[in-house]
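Try each task before reading its solution.

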Amino acid sequence: MTAPAIWWLRNDFRLTDNSALHAAAATGAPVLAVFVLPGGEADDQAGGAASRWWLHHSLAALSDRLAKWSVPLLLRRGPAADVLADIARDTGTATVFAARRYEPWARRQQRAVRARLAEEAPLQLYGGRLMFEPAALRNRSDQPFQVFTPFWKACLAAGDPGPVRESLPDLRGFSGRPGSERLEDWLLLPRQPDWAGGLREHWQPGETGALERWQEFLAEGLDGYHLNRDRPDLAGTSRLSPHLHFGEIGIRWLWAAVCAAERDGLCSAAAADCFRRELGWREFSAHLLYHWPELTTQPLRREFMEFPWREDADALAAWQRGATGYPLVDAGMRELWHTGWMHNRVRMVAASFLVKHLLLHWQHGEAWFRDTLVDADLANNVAGWQWVAGSGADAAPFFRIFNPVLQGQKFDPDGHYVRRWVPELARLPDRWLQEPWSAPAEVLAAAGVLLGRDYPAPLVEHPAARERALAAFETLRR
Ligand SMILES: Cc1cc2nc3c(=O)[nH]c(=O)nc-3n(C[C@H](O)[C@H](O)[C@H](O)COP(=O)(O)OP(=O)(O)OC[C@H]3O[C@@H](n4cnc5c(N)ncnc54)[C@H](O)[C@@H]3O)c2cc1C
């Protein structure tokens, strides 16, 4: 039997524009796909509960696609170095092909795999998870970037993000059957209770789902992206984030598709630029985590080490449940719980509420997002949280504190978003929807709302919370 080329899957769950898979196929050898569920050395990869739900379905979808070419998808658990060394030995594999990853744990993992496989079945790593290699980008002082705008200029100056392979790889199946674990036995899906109904309703994990999502966005969202992207009441953004995280759509492919849409007059230059710039924030977060691996646990701006965070388990639980008494924040937290996703504008407001209004450490929020988001991504999540907390690179200044009422009035002007996720307030008129505690008693009664019974009174009052947050921040300056 001909020895296979191993394609080691690392959240690049797609066949299109996949450099590692194309290289494996180009050897002419049969391809054996291997996914290793980490055992200890890379717990971050397993992700939170929502990510595990996605992972299950994404692996199942990929396995189905590969079956058409008789390419087996082998599932194993354990340290990747040991697992891959065993499979390489058992099958006589000459080379292991994989996508390069950039998270601290993933870099440790690829070093361990490379060392273990050494000369016998060398590991070959390929780009494609990002458009621009984080190590290659440096500012004028030859340092990594900490400010987005010059970072993005350097990316754009670096030129086209790279080749896109439109055609499917020419795959040869592998008839050997090294033992695989069963996906069902990994228990990635929730049971007792099965809380994933909302996820099933909203998402189709896998490459086909990713491409359909892109097509939908191209037809209905891209051209208005620069105008609507801050509006949680409209379907104004792509919702590609989980597909990008799991590599079900290639970032270079997506970039090329946006450029083609602009060229073909399917969207304006303003819309295309705005969308490409958001993809730039994904690159920037990865760049930051690559150069400052401590970002996951420590503030990038050191003075924040001394920040006087509070501990308040009840307030944290109210925030997680979407019961803060601020309708926009609660709508976001409930959207997250139900669908595994939250609109970016609302992520900013809800996160700001946790760290500034409640003065709870951003790591509590980061952990909750990591567990509940289907797009939970180490780099984007910690960079997002540190940006909101003011402790990160190029962050929003701490003293700029979102007023959740004004944010709601501005970005959910007709209240569609709040009414959808906080239905107990649905009958309140727009005037009071974002601040029900200010509504006259007869208005509340007519809408069937008794504060404290049907919907919580605000956990904190905005002006007092703002003063408290500014006073806490002031202690850093002293
Ligand atoms: C506190 C906080 C936590 C966040 N945690 C995550 C996370 O765990 N995973 C995640 O993918 N994004 C995270 N984000 C960034 C952003 O909210 C999401 O990427 C975006 O809402 C995804 O929706 P979309 O695909 O419709 O985005 P679109 O607006 O359609 O943007 C397209 C793509 O660009 C990237 N992108 C857009 N905005 C950002 C951004 N601000 N930072 C980094 N990448 C961006 C994403 O990959 C996104 O899919 C976080 C933001 C905040 C404020």
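**Exercise 1: A residue in a strand**

Leu125 counts as partly exposed because it has 17 C-beta neighbours inside 10 Å. The cut-offs are these: 20 or more other C-beta atoms within 10 Å of a residue's own make it buried, 12 or fewer make it exposed, and anything in between is partly exposed, with C-beta atoms placed from the backbone. Before going on, note that this is a predicted model, in which local features need pLDDT of at least 70 and side-chain atom pairs count only at pLDDT 80 or more, while totals for chains, interfaces and linings use all residues. Residue numbers start from 1 along each chain as its sequence is written.

Task: find which element holds Leu125 and which residues Leu125 touches.

Solution. 
- Step 1: locate Leu125 in strand β5, residues 123-126. Strands (E, at least two residues) and helices (H or I, at least four) are DSSP runs numbered from the N terminus.
- Step 2: set aside residues up to four places away in sequence; Leu125 then touches Ala98, Arg100 and Gln110. Contact here puts the two C-beta atoms, placed from the backbone, within 7 Å.
- Step 3: take the C-alpha distance from Leu125 to Pro440, which comes to 64 Å across 315 residues of sequence.

**Exercise 2: The shell around the ligand**

Task: work out how many residues surround the ligand, and which helices and domains supply them.

Solution. 
- Step 1: collect the 27 surrounding residues, of which Thr237, Ser238, Ser241, Asn381 and Gly384 are the closest. A residue qualifies if its C-beta atom, placed from the backbone, lies within 6 Å of the molecule.
- Step 2: look for helices; α10 (241-245), α12 (269-291), α15 (344-357) and α17 (378-389) each give at least two residues to the shell.
- Step 3: check the domains; domain 2 (130-163 + 206-291) and domain 3 (302-477) each contribute at least three residues. These bounds come from an automatic or database domain assignment.
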